[in-house]
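Reader: Before we go feature by feature, could you take me through this structure slowly, giving the general idea each time and then the case at hand?

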Amino acid sequence: MIKKSIMKFLFKICVVTAVLSFISCSASLENKFGSVYFSIGSNSSREADFPFAGSGQTFSLTVTLDGDYKSSRTTKFTDSATIIFEEVPVSSKIFAHAEIHLLEGDKKILKYSGTSEPLVVQEEENILSILMKEALTVKFVTDATSSSFFEQSIEYGQTVTRPDDPVDPSGDREFLAWNAENGSAPFDFSAPIESNTTIIAKWWNKPNDFVKVDGTTFNGEELNPVSFVFTEDTEITIGNLYVCNHEVTQAEYETYCAYPSGSSPNGSDKQNYPVYYVNWYDTLVYCNFRSIDEGLTPCYSISGTTNPKEWPGIIGNDETKYYGPASSSNTWNEVSYNENANGYRLPTEAEWEYVARGGNAWKSFKISGCNNEDEYGQYAQCDDINGSVKEIKKLNPNSLEIYDMSGNVSEWCFTHPEAEAGDEPVCPTRGGSYADNKTVCYVNYQRTSEPHERDEYTGFRIVRNRK
């Protein structure tokens, strides 16, 4: 009786019986043929018995010859099986591949496989000897918090087939990558599988403070108030976005970045107040550091790298944290922007204005969320020249449930710094600040600052591409 306890071991199947029969009476080798035998089961001599023999289960044995002679044979069996290849030319150089599948109805489950050493066919004793290895299981875990998974059976030393990316029906999670079991790095689908393997889906879980905003294509219709970005002679496509519903706070910023000496924000409530004293360069540093930390693909590259620690002119270290240059930098001004990356980034001016106006509803708002001048104070922190920055999310949001797009702090947007002849390059800011009058806080108002400038009136908001 065959013991089932040896299922986990590699075993070597050697064939006992070999018969060479002459098909031709000619004495020349090229006219002689032999038979090649492969046997498995209770009647064969081997180092380990076939572990499933006697189980009553049905299996499929497939042996494929390759090389000078190509052929394939398949047979079903329960306890033993023999496959014979006849009329194989003598002196042929061949090798064989064998697979054993468990048959369960219409399902074929790979259990063992192996490939022989090359064989030169002789006039007799052509016996295939194949080192069979137990098939491996590759488990894809789609949700690390539950038992949701599916499996692939794969032969030892082969690569696994990458499955389709899973989709979260709720839309609140975005699939990022298939990661190795420890979750620390993407799984290498080109690497051979040599043991049972678990591959885990890595997700970006939408934080509660990010809003899904659907995109649109603008084809030149007139907007009220008139836009300097969405004009009658332009076609602009806005993609689907995740938009942070508040300006980046001091606590969020200080997770990854620092401030120059003598220019840090005042106050102790870092969780609820927007960051300021940050220049346009600092926002690039923050976006990439946060993207890397959350396993996203950074959007910005300087001098060929997306790692801000390697950007020329960056200031700081891992202990003190980092910030950008305090003077204009041509190297930083030429930053590369990967529009297809899924990391955090600044909105473009068009995206910022689109969101401030309420998205594809295109409300006729002057102040984001409001078209009634008597109610501006319920939506915008402005007209407070002697005041200071205000707490986030204390006033009403706009129609997308996004706060403070008018007033509080002006918000950096992304475009490559531009300059008139002889002038310093500039970058756009939008939305106005607490110290500005309401006209500067209008959704269509454009203002620019030099990318290295830091002041108490300017912060930023982040977005992400959404599939």
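Author: Helices here are DSSP runs of H or I with at least four residues, strands are runs of E with at least two, and both are numbered from the N terminus. The model is a predicted one, in which local features need pLDDT of at least 70 and side-chain atom pairs count only at pLDDT 80 or more, whereas totals for chains, interfaces and linings use all residues. Residues are numbered from 1 along each chain as its sequence is written, and side-chain values use heavy atoms, with hydrogens and water left out.

Reader: How many residues of α4 are buried?

Author: Burial is read from relative accessible area, with a 1.4 Å probe and protein chains only: under 20% is buried, over 50% is exposed, and partly exposed lies in between. In α4, which spans residues 349–356, eight of eight residues are buried, among them Trp 352, Tyr 354 and the glutamates Glu 349, Glu 351 and Glu 353.

Reader: Which loop holds His 452, and why does His 452 count as buried?

Author: His 452 sits in the loop between β24 (447–449) and β25 (458–459), and this histidine counts as buried because its relative accessibility is 17%. A polar atom of the His 452 side chain lies 3.5 Å from the backbone nitrogen of Ser 328. In the loop between β23 (427–430) and β24 is Tyr 434, which is buried, with a relative accessible area of 5%. The C-alpha atoms of Tyr 434 and Gly 387 are 7.5 Å apart in space, while the two residues are 47 apart in sequence.

Reader: What is the order of strands in the open sheet of four?

Author: Strands of a sheet pair through backbone hydrogen bonds, in either the parallel or the antiparallel sense. Two strands are taken as paired if DSSP finds at least two bridges between them. The open sheet runs β11-β10-β13-β12, with mixed pairing. β11 (149–154) and β12 (173–179) stand at the edges with a single partner strand each, so one side of each has no neighbour in the sheet. From one strand to the next, the twist averages 20°, an angle between lines fitted to C-alpha atoms and taken from 0 to 180 degrees between N-to-C directions. Within this sheet, β10 (residues 136–141) and β13 (residues 197–205) pair in the parallel sense over four bridges, and Val 138 stands opposite Thr 197.

Reader: Which strands does β6 pair with in the antiparallel sense?

Author: Strand β6 (residues 93–104) is joined to β3 (residues 59–67) by nine antiparallel bridges, with Thr 64 opposite His 97. Eight bridges join β6 to the antiparallel strand β7 (residues 107–115), where Leu 110 is the bridge partner of His 101. Two residues lie between the strands in the hairpin of β6 and β7, and Gly 105 has a positive phi there, near 65°. Two further antiparallel bridges link β6 to β8 (residues 119–120), in which Leu 119 partners Ile 94.

Reader: What lines the largest cavity?

Author: A cavity is a set of points on a 1 Å grid, over the protein atoms alone, where a 1.4 Å probe fits but cannot get out, and its lining residues have an atom within 4 Å of a point. Points are joined across faces, edges and corners, and the volume is the space filled by probe spheres set on them. The whole structure has one cavity of 30 Å³ or more, and the largest holds about 30 Å³. Its lining includes Ser 368, Tyr 379, Asp 404 and Met 405.

Note on methods
On a 1 Å grid over the protein atoms alone, a cavity is a set of points where a 1.4 Å probe fits but cannot get out, and a pocket is an open set with protein on both sides within 12 Å along at least five of seven lines; lining residues have an atom within 4 Å of a point. A polar contact is a pair of N or O atoms within 3.5 Å; within protein, one must be able to donate a hydrogen and the other to accept it, and residues adjacent in sequence count only if both atoms are side-chain atoms.
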